[in-house]
Each structure stands twice: as C-alpha cells, then as structure tokens.
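Here is a short briefing to read alongside the model. Have the viewer open as you go through the points.

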Amino acid sequence: MKQQAIDETAYVIEEMSCHALWLTLNRPTQRNPLSSSMIAAVKKAIEAASSNPEARVVVLTGAGPIFSAGHDLKEMSAMPAGKDLTREQHLYNILDSCAEMMLALMHSPKAIIACVQGTATAAGCQLVSACDLAIASDEALFCTPGVNIGNFCTTPLVGIGRNMHRKHAMELALTGDMLSAEDAVRIGLINRAVPAARLRDEVEKLAAKIASKSAQGIRFGKEAFYRQIDMPVEAAFKYATERMVAGTLSQDSTEGTQAFFEKRKPEWTAA
C-alpha cells in the first residue's frame, strides 16, 4: 500500500493501494461523527479523487469500532461562538453541507465503495447509502435512531430510502432499532456481509476488479444511472438510449470491442 506522509491528526486519512484510494474517517474516539470539519474533509477528499487519474476507485471506511455515528449532536445542539447565526441557520449550514458531501459521492466519476467495519447510525448510515457499493463486516450494525431522542432521521432517509423499499426504510426510522448486517443485505442497504477478518481482503478484491475496467465507461455509466433512476420510465429509456449510443461510440468502447474480437486485453484510456 502506498502511503504519503500520513497526518494522524487529519480528519480523513488517505492511502493508495493498486489504484484504489482508501479514505478513512479518523476520529475513532468520538465515533467518527459527521461534524462540519469531517464533512468538509470528506468532500474535499472526494473532489480531489474525482480528478486524480491514479485513483480509479475510492473506498470509504472508518477507524476504530464505529464506521460513523452520524452528526455530532454536541455541534448540532450548540451555537457557534462568535458567529451571528440563529440556531436555525446553524442547523441549515450543517445539513446543507452534509447534503453537498453526499451528492459529491454520487456525482463523482469514480466508483465509491463503503467498507463498513463497524456500526453506522443516522447520517453515518446515510453515508453508506450514498456510496455506489457497500461491503460490511458481519458484525456491523445499522440504525436510524432519531426517533429515540424525539426527532426523526429525515435527511438520512433521502439516501436510505433510495436503497431499499420504502416500508423497510420507514421501519428503520420509526423504530430506531439496530439492523444486523445480514438484514442490511436482505433489504438492499449493503451488497454483502463478510467475516470481519476477511473484510479488507474482500473490499480490495472488489476494488481491484472495478479498477481494471474502463474509467471512461464507468464515468459515463455512473452519471447516467443516477440521472435516469428517478425519471419516469419513458424519459429514462430516452435518456439511457442517448447515453448508450454515446458510450458505444466512445474510444474505450471501440477499443474494448476490438480487443474482444482479437482475444486480447484492452488498453483503456487514462482515468
């Protein structure tokens, strides 16, 4: 694994391994909360990875036993010192920044994998849902517990509710109960759960497989998928057909088809 002068005090630690950029949430003693500083650090790292040809896949994980406990409740409850903001404006700033970070994951041209080594709750669970793929330890747990403190995980449900059937999403939000990794697979929040000792290896295998594909094809395809998924079906077919034609005429598609006929490994364009 390639490491570059890792700053252990950083909110996000970056490591490159075989064209996979690992981003590790690095506040384990605080349960990796999505504070304003953490949100900004993740967004900055994702935006940098999006324009980095060396990074063909991004993996998001957490340090310690917790993937992310969601928003920093102390920050959400407090007023920022010396700032002329109402409590309402303060909350809007945090939640708007979080939404921008989640969208940065979806809009990134790179495939993004959540490597969920521990519990993911509230906005931490939303972070898992915002990734393109997710593999979790079979010991990981998932929860949207806002209802337990008199609130409701409304913003986390934006992503979570697009990963699974709405009745499953509402059961999570209405009960605040912990969901096992096995059940998270069953309802579509994650792709699969593996023994904790094998988690890193399984994610590295998946990342390597994706990194071997055409970055151009993945960039075009990911954008098209997220744009069409919420369209009416007629509009989705029209849009997808346009993108499919453009993709078929692209340089990498031409090269891939030629390589298939010639029974050789394709030579993709740069990421």
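**Salt bridges and overall shape**

Arg264 is partly exposed, with 33% relative accessible area (buried means under 20%, exposed over 50% and partly exposed in between, with a 1.4 Å probe and protein chains only). Its salt-bridge partner is Glu255, with the closest N and O atoms 2.7 Å apart (a salt bridge is a side-chain nitrogen of Lys or Arg within 4 Å of a carboxyl oxygen of Asp or Glu). Glu255 counts as buried, at 17% relative accessibility.

This is a predicted model, in which local features need pLDDT of at least 70 and side-chain atom pairs count only at pLDDT 80 or more, while totals for chains, interfaces and linings use all residues. Residues are numbered from 1 along each chain as its sequence is written, and side-chain values use heavy atoms, leaving out hydrogens and water.

**Other salt bridges**

- In total, the structure holds 10 salt bridges.
- One of them joins the side chains of Arg162 and Asp230, at 3.5 Å from N to O.
- Arg162 sits in the loop between α5 (156–160) and α6 (166–175), and Asp230 in the loop between α9 (215–228) and α10 (233–248), so this pair ties together parts 68 residues apart in sequence.
- Arg162 counts as exposed at 59% relative accessibility, and Asp230 counts as exposed at 55%.
- Lys238 pairs with Glu242, their closest N and O atoms being 2.9 Å apart.
- Lys238 and Glu242 are 4 residues apart in helix α10, which means that about one helical turn separates them.
- Lys238 counts as exposed at 55% relative accessibility, while Glu242 is partly exposed at 42%.
- Arg198, Glu202 and Lys205 are linked in a salt-bridge network.

**Fold and packing**

- The protein chain has 11 helices and 11 strands (DSSP runs numbered from the N terminus: H or I of at least four residues for helices, E of at least two for strands).
- Its radius of gyration is 19 Å, close to the 18 Å that the globule rule gives for 271 residues, so the chain is as compact as a globular protein of that length (taken over C-alpha atoms, the rule being 2.2 Å times the number of residues to the power 0.38).
- Along its principal axes, the C-alpha trace spans about 60 × 50 × 40 Å.
- Of the 271 residues, 43% count as buried.
- Among contacts between residues at least 6 apart in sequence, 65% join residues at least 24 apart (contact means heavy atoms within 4.5 Å).
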